Each structure stands twice: as C-alpha cells, then as structure tokens.
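Please consult the structure as you read.

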Amino acid sequence: MTTAASAPRVFSGIQPTSDSFHLGNYLGALRQWVALQEDSDAFYCVVDQHAITVTHDPKVLHQRSRTSAAQLLALGVDPERSNLFIQSQVPEHAMLAWILGCETGFGEASRMTQFKDKSAKQEHTTVGLFTYPVLMAADILLYQTQRVPVGADQRQHLELTRDLAARFNNNYGQTFTVPEPYILKETETIKDLSDPAKKMSKSSESPRGCLYLLDEPNQMRKKIKSAVTDSEAEVRYDPEGKPGVTNLLVIYSALSGTPVDKLESEYQGKGYGDFKGDLAEVVAETLGPIARATREYLDDKAELDRILVEGAEKARAVASRTLAKAYKKVGFYPPVAN
Ligand code: AQP
C-alpha cells in the first residue's frame with residue numbers, strides 16, 4: 001500500500017469556461033485524475049484565474065466554477081483522497097506566477113502555440129492570455145508535483161514548466177520538483193466528431209462536433225450517429241486514411257475497455273450504421289448518469305462549498321511552504337500574516 005508520504009504528488013487543473021466538460025476533457029485528462037487518486041497524493045483545481053484570460057461574464061464564471069467542481073465529484077474525484085479546490089481561493093498561484101514570469105524569456109513565451117491559436121480568435125488579446133503558461137507553471141510547481149495528467153495539447157506548456165523549474169533551481173538552488181507529463185497515448189487527443197482533423201474542443205465550429213458530458217443521452221446518440229466517417233464501409237484503425245472512424249474506435253475502446261483490434265474484428269463485414277449505433281449506446285450508458293450526479297452535488301451548495309474550502313485550505317498549506325522558499329530565494333521579505 002502507498003502511504004501519503006511515499007505517494008507521488010499529482011496536480012492538474014481544468015478551466016471553468018463552459019457549462020459542461022466534453023469527451024476530450026474526460027478521456028484526455030479527467031479519467032486519469034480519478035484513476036491516479038488511488039495511489040497518489042492528488043491536487044485537482046478548477047482554474048478560474050485562467051478562465052479570465054479571455055472575455056468572460058463574472059456571474060457565468062462564478063456559476064461555471066461551481067458546476068465544474070460538481071462535475072469533477074460526479075466523475076469520481078473523491079475529496080477524501082484528493083484535494084479539490086478553486087484556484088482563486090489560493091492566492092499563492094498568482095504570487096508565484098509573478099516570480100516565474102520574471103524568469104521567462106519574452107521569446108520563449110511567444111513560441112507557445114496555444115497563445116497563437118487563441119489570440120487569433122480574439123478581437124482583443126490580453127497580457128493574461130500571453131502569460132497563461134506561466135500561471136500554469138506556478139499552479140504545478142507550487143505543489144512539488146511529480147506527475148501532471150493532461151491531454152496532448154498541454155505538452156508544450158508542460159515543457160515550459162519543466163524548463164522554468166530547472167532554470168530556477170539552477171539559478172537559486174533546489175526549490176521546485178521538475179514535473180513529468182502524464183499523457184495516455186491512446187486518448188491523448190480526442191478529435192472533433194464533425195471535423196476529425198481538429199481536436200474536440202468547446203470552441204468547435206459545428207455544434208455536433210463536441211460531445212458534452214452533460215448532454216442529454218439522446219443528444220449524445222445523435223452526435224455519435226452523425227459523426228463524420230468516410231465513403232468506405234470498413235471499421236479499421238487508420239489515423240491517416242480514416243481519421244473519423246479511428247476517432248470513434250478510440251472512443252469506443254476507451255469507454256468499453258475492449259481493445260481496438262477486437263472491435264475491428266467484431267465489426268468486420270458490418271457497416272458503419274451498426275458500429276455507430278452500438279457506440280451511441282455505450283456513450284449514452286456510460287456518460288448519461290454523470291448529469292444526474294452533477295445535479296445532486298449542485299443541489300447541496302453548502303456541502304459543495306465546504307468540500308472546496310477544505311480543499312483550498314489543504315492546498316494553501318502546501319502552496320505557502322513552496323512560495324515561502326521561492327520568496328526567500330529571490331530575496332523578498334516574507335508575506336505578512338493576515
Ligand atoms: N480533445 C481533447 N483530447 C484530449 N484531451 C483534451 N483536453 C482538452 N481537449 C482535449 C484536456 O482537457 C484538460 C482541460 O483542458 P482545458 O482546461 O484547456 O479545457 P478546455 O478549455 O475545455 O479545452 P478546450 O475545449 O480545448 O478549450 P478551447 O476550445 O478554449 O481550446 C487538459 O488536460 C487538456 O489537455
């Protein structure tokens with residue numbers, strides 16, 4: 001059995017930027033959050049400070065932070081085993097981000113592809129969006145994190161985090177653990193159902209491209225049945241030649257636990273209709289119950305807030321120790337107590 005002292009430290013975060021998480025978030029990251037809490041000392045965070053790097057409505061953000069926490073609990077994040085909290089309740093994140101920003105090269109930050117993609121979609125690009133990866137580095141390094149479960153789109157940000165940790169340690173002496181990404185190859189990028197050349201994302205151009213965990217089961221079925229495939233009728237894993245079918249095979253395999261090659265043989269000689277029909281049922285059965293469980297957590301607001309405050313208190317206990325070290329190393333005076 002792993003004890004808390006020997007258990008690897010895990011940290012990850014998710015933005016409260018939509019009313020529901022999607023299948024890409026779930027298979028790329030959140031399922032691993034739940035699995036890792038079994039034998040890790042896990043800190044999971046709703047990163048609302050990241051969410052204001054693009055235009056936002058304060059009331060909607062506040063509500064989405066709560067809905068996000070409720071969804072995480074509904075998915076199986078267990079507050080007895082993991083520390084679940086809201087980023088803005090732990091001020092050390094922004095405090096460390098300032099220090100790390102002063103260690104980051106402007107050119108280095110300018111190479112981040114997510115900033116280039118997201119700023120191209122904004123009418124008004126903020127400095128906050130530019131420094132998003134530095135805040136993400138602070139999130140991770142504050143907890144002396146060893147493993148970060150994320151999807152493939154976060155690989156470049158993780159590399160920056162590792163570089164910043166190593167640079168700071170080199171310049172000022174050992175302060176931060178250098179974290180490792182924890183990215184599952186099979187599900188590292190779930191593709192858009194309408195355009196499998198793109199990753200599934202809440203900013204999908206087609207409303208049917210993104211399958212939300214809180215969609216009605218019938219809506220989920222419709223999205224799977226209308227997913228783009230190809231003009232053949234062969235259920236075969238071929239990411240280059242058959243990206244749509246391959247994406248559906250990856251989703252089917254991840255949700256059912258059946259290996260991809262077994263699914264290929266099961267559907268040999270059958271058309272896409274049968275394949276999609278069965279997958280639609282697997283999706284509706286597996287994800288359908290999440291909406292009800294989420295509503296139950298949302299119905300007990302006092303209990304949800306209690307879990308989050310307790311999580312934030314435990315997070316602060318760890319984060320403040322790391323911040324104190326970093327403050328001392330760079331020559332700051334310690335923060336005064338409230
Ligand atoms: N399509 C995906 N496949 C695998 N993993 C994914 N992740 C996101 N999309 C996929 C992973 O989900 C976690 C949370 O990411 P986030 O906070 O960036 O969530 P998001 O803003 O909801 O992601 P979107 O939909 O991709 O946002 P937009 O549309 O704004 O670009 C991360 O671990 C991420 O890797």
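Q: How much space lies in the largest cavity, and what makes such a space a cavity?
A: About 40 Å³ of space lies in the largest cavity. On a 1 Å grid over the protein atoms alone, a cavity is a set of points where a 1.4 Å probe fits but cannot get out, whereas a pocket is an open set with protein on both sides within 12 Å along at least five of seven lines. Grid points are joined across faces, edges and corners, and a volume is the space filled by probe spheres set on the points. The structure holds 1 cavity of 30 Å³ or more.

The model is predicted: local features need pLDDT of at least 70 and side-chain atom pairs count only at pLDDT 80 or more, while totals for chains, interfaces and linings use all residues. Residues are numbered from 1 along each chain as its sequence is written, and side-chain values use heavy atoms, with hydrogens and water left out.

Q: Which residues line the largest cavity, and what makes a residue part of a lining?
A: A lining residue has an atom within 4 Å of a point. The lining of the largest cavity consists of Q114, F115, K118, L129, Y132, P133 and H157. Two or more residues come from each of α6 (113-121) and α8 (132-141), helices here being DSSP runs of H or I with at least four residues, numbered from the N terminus. Helix α6 gives the most, with 3 residues.

Q: How do the residues of this lining divide into nonpolar, polar and charged?
A: They divide into 4 nonpolar, 2 polar and 1 charged. Ala, Val, Leu, Ile, Met, Phe, Trp, Tyr, Cys and Pro count as nonpolar, Asp, Glu, Lys and Arg as charged, and the others, Gly among them, as polar.

Q: Why is α11 called oblique to α13?
A: Helix α11 (residues 243-256) and helix α13 (residues 272-299) pack at an angle of about 40°, with their axes 10 Å apart. Axes are lines fitted to C-alpha atoms, for helices over the stretch in contact, and angles run from 0 to 180 degrees between N-to-C directions. Angles under 35 degrees count as roughly parallel, over 145 as roughly antiparallel, 65 to 115 as roughly perpendicular and the rest as oblique. The angle of about 40° therefore makes α11 oblique to α13.

Q: How much space lies in the second largest pocket, and which element gives the largest share of its lining?
A: About 430 Å³ of space lies in the second largest pocket. Helix α11 provides the largest share of the lining, 6 residues.
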